[in-house]
Structure formats: structure tokens, C-alpha cells
Amino acid sequence: MSETGSPFPTPVTDLAEALIACPSVTPATGMVFDCLEAQLAPLGFAVDRFLSGEAPDGPVENLLAVRRGPEGSRHFAFAGHLDVVPPGEGWTSGPFLPERRGSLLYGRGAVDMKGSIAAMVHAAAQIPAEAGTISFIITGDEEGAARFGTLALIERMAASGVQPDLCLVGEPTSVARLGDMVKIGRRGSVNMWIEVEGREGHVAYPHLADNPLPRLVALLAELDALVLDEGTEWFQPSNLEITDIAVGNKATNVIPAKASARISIRFNALHTGAALAERVTQIAQRHGAGVRAVISGEAFLTQPGAFSDLLRDAIQAETGLDTELSTTGGTSDARFLKNVCPVIEFGLCNATMHKRDEAAAIDDLEALARIYERAARGALAG
């Protein structure tokens, strides 16, 4: 029962099942957005759906739904994604055939993150329109390239005058129990492709060739030895990892013409992606190598304060837990939304996300909906 005294007629687990039943491997379009629109429209949300981008990373469908409150009222946004990673083989039941077995709801996306979106819909249904403005910022491209998803939604929001005061992203942040962890920031991510040019030749005549491999090995050793920082109060140390080395030399008696490698750096707020790319480039140039960098997102921190306190209070009221504030883990679309307004991530337990037989506890889905309702009510009340 909500604080309004009238429960939403559709249980949150039913809402989650309906979304899971729509196959939506990234980039997602179509049926799954039809389903979410059908859930939101009866609640008074004006739903704006649009396609963005083109192959190979698109087209991507996005949804911006807004239910406006009284003039001048506060605006709270729910954000997330309907796309899922490919299910793979070996599921006990069909990945897009949601099934309740015991206390769990199984299906691809149950945790990451159709279950959270269902909880958001259920929460929004409990809150009267006069409490303030609520919006849904939902993409079909978070698990993929993320080029035409939330970035396109942010542009749409700006063009439509949609400006939230606070945003809650429903990523699965809980670890052992629902509510034990929320994310108030994330490290940034930059990937770099390194290439060393040489000159091919016969291994018996090395003086007639130029082997690029010793230079690449020396470069990677220097990069691997870097200590980028010791971490900060809220962030773990930045780390640089060598993720690929490629030569493509099929012959045993040929010195290759070139060699390449790839590195990935997850970095904290002491760095920017551009500065790290420049640092690696300068080192690479000393070894005769070229570098191409792609920055996936910058590090950010939503300083602990009123927003995090509000969410922690809501979690404690429903679970009794004292929530840990964290910046660990990978990236999410919060890295884009932090440019719009303060953003925090909180959702279901992440133990089975991206795994075969992904499942969410039904009790957790129901508790999550109540936590989201409490948080949204508190945010709108200011």
C-alpha cells in the first residue's frame, strides 16, 4: 500500500514480466518500448519516442516521458535502459520467457535493468501529479556503443525544456542485499589503440628489416609500470590494463611489418580522459608508436549530501540497512546525465546480471518500488 492509500492495480512483478517478455538485445527498438509506453500513458505521462543514429551502432530507440506537476514544482527523473546483452545458451527457461520459480523472477533483464524500470513505473503510479514533475529517461542503447542513446535523450530534453532537479538511475548497484550499496560516482574510461610500424624481412637477415615487436614490448612494459595515482577519498586508484596484443604473423621465419596493442584505463577524478591520452601518446612517441584514443566517459562524483541522505533514508526505512556510498564498478549512463543534474545510481542485487539464468528476488522488486516511491516523494517535496 502506498502513502496515497491506493495501490497501483498492476503488481510490480507483472510489470517486470511484461518488459522481460519483449526481446530487446542492444540496440533495442520496437516492442519493448510499446510495452513501456503502455504502462506509462495511463498514468498521465506524455510519451515521446524517437529513433537516433544509423548502422552499425543504430538505429536506437529512446523514450522521454514526462508528467508535469504544478508550475514551479520540483522535477525528479528516473533513468535507465531497456536494452539487454545477448542471452547466450543454456538457460533453464527461455531468456525472454519470464518465469517465477520460488521467490525469484527469471529472465534476461530481470536485474539489468527491466526490473528496476518496472519498480520506477510502479513508484510513479503512487505519486499524485500535484506532488511535482516526474520524468522517465529511457534508452535502448546502454549495453552497446551508447552513441545514440542517452546522449540523444539529453539533446531532446534540452530542446523540449525538460530539466530535472535530480536524477536516479536504476542500475543494479546492490551487492549482497538490496540496499547495501548505491553509487554516487563512477570512474572514467578511456581505451587506446597503439600501433608500431616496422619493416618486414627474413628472420635470418635482421639487418635488412626493422622488427616492431621489441619497441612495442618496451612501450607496454613502461605503460604497465605506471602508477597513475594512489586513489582519493571516494575513488580507488586508477588502473591501466593491457587488453590486447596483435601481430597477425602466420610465418615463423618472417619479421612482421607492424605490431599493435590495446590498453584500457579506468580513472578517477584526478584525471581527464584527454590528459591520460596525451600522457600515453607522449610515451608512445618515444618508442616510435602511434596512439588512437576513445574516451567513453569522464569520472564524476555527486558529493554526499541531501540527495544521498534522502535515498539512504528511504532504503533504511524499507530494509533497515545503513547504505554504503560507493564509486566502484564500471561505467553507466550516469556519466552523461551528470551534466544535466545531480545523479545517483541505485537498483537490484547485481550477482546475476549478464549471466545465464539472470534472476531478481520478487520481494526485492516490491521493496525497490517502495524505496523509489519514498525517494521521489522526498525529492519532489524538496
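Which is Cys 349, buried or exposed?

Author: The model is predicted, and in it Cys 349 is buried, at 17% relative accessible area. The label follows because buried means under 20%.

Cysteines raise the matter of disulfides. A disulfide is a covalent bond between the sulfur atoms of two cysteines. The count here is zero disulfides. Cys 35 shows how this comes about: the nearest cysteine sulfur belongs to Cys 22 and is 4.4 Å away, and Cys 35 is in no disulfide. Cys 35 is buried, with 14% relative accessible area.

A serine gives another buried case. Ser 116 belongs to helix α3, which covers residues 114–125, and its relative accessible area is 0%, so it counts as buried. Leaving aside residues up to four places away in sequence, Ser 116 touches Val 111, Gly 170, Gly 347, Leu 348, Leu 368 and Tyr 372.

Next comes a sheet. Three strands make up an open sheet, ordered β4-β5-β19, with antiparallel pairing. At its edges are β4 (99–101) and β19 (359–361), each of which pairs on one side only. From one strand to the next, the twist averages 30 degrees. Strand β5 (residues 104–106) runs antiparallel to β4 and is joined to β4 by three bridges. In one of these pairings, Arg 101 has Leu 104 of β5 as its bridge partner. Two helices pack on this sheet. Helix α1 (residues 12–20) touches β4 and β5, and its direction makes about 15 degrees with that of β5. Helix α9 (residues 362–381) touches β4, β5 and β19, and its direction makes about 65 degrees with that of β19.

Charged side chains come last. Side chains of opposite charge can pair when their charged atoms come close. The count for this model is 18 salt bridges. One of them joins Arg 147 to Asp 57, with N and O 3.0 Å apart. Arg 147 is partly exposed at 48% relative accessibility, and Asp 57 is partly exposed at 22%.

Another salt bridge links two strands. Lys 258 pairs with Glu 195, and their closest N and O atoms are 3.9 Å apart. Lys 258 is in strand β14 (residues 258–267) and Glu 195 in strand β10 (residues 188–197), so the pair connects parts that are 63 residues apart in sequence. The relative accessibility of Lys 258 is 42%, which makes it partly exposed; Glu 195, at 32%, is partly exposed.

Asp 210 and Arg 215 form a salt bridge too, the closest N and O atoms being 3.0 Å apart. Asp 210 is partly exposed, with 28% relative accessible area, and Arg 215 is partly exposed, with 24%. Finally, salt bridges can join into a network, as they do for Asp 34, Glu 37, Arg 49 and Glu 61.

Notes: Residues numbered from 1 in each chain as written. Predicted model: local features only at pLDDT ≥ 70, side-chain atom pairs only at ≥ 80, totals over all residues. Heavy atoms only, no water. Salt bridge = Lys/Arg side-chain N within 4 Å of Asp/Glu carboxyl O. Buried < 20%, exposed > 50% of the residue type's maximum accessible area, 1.4 Å probe, protein only. Helix = DSSP H or I, 4+ residues; strand = E, 2+ residues; numbered from the N terminus. Pairing = 2+ DSSP bridges. Axes fitted to C-alpha atoms, helices over the stretch in contact; angles between N-to-C directions. Contact = heavy atoms within 4.5 Å. Disulfide = S-S within 2.5 Å.
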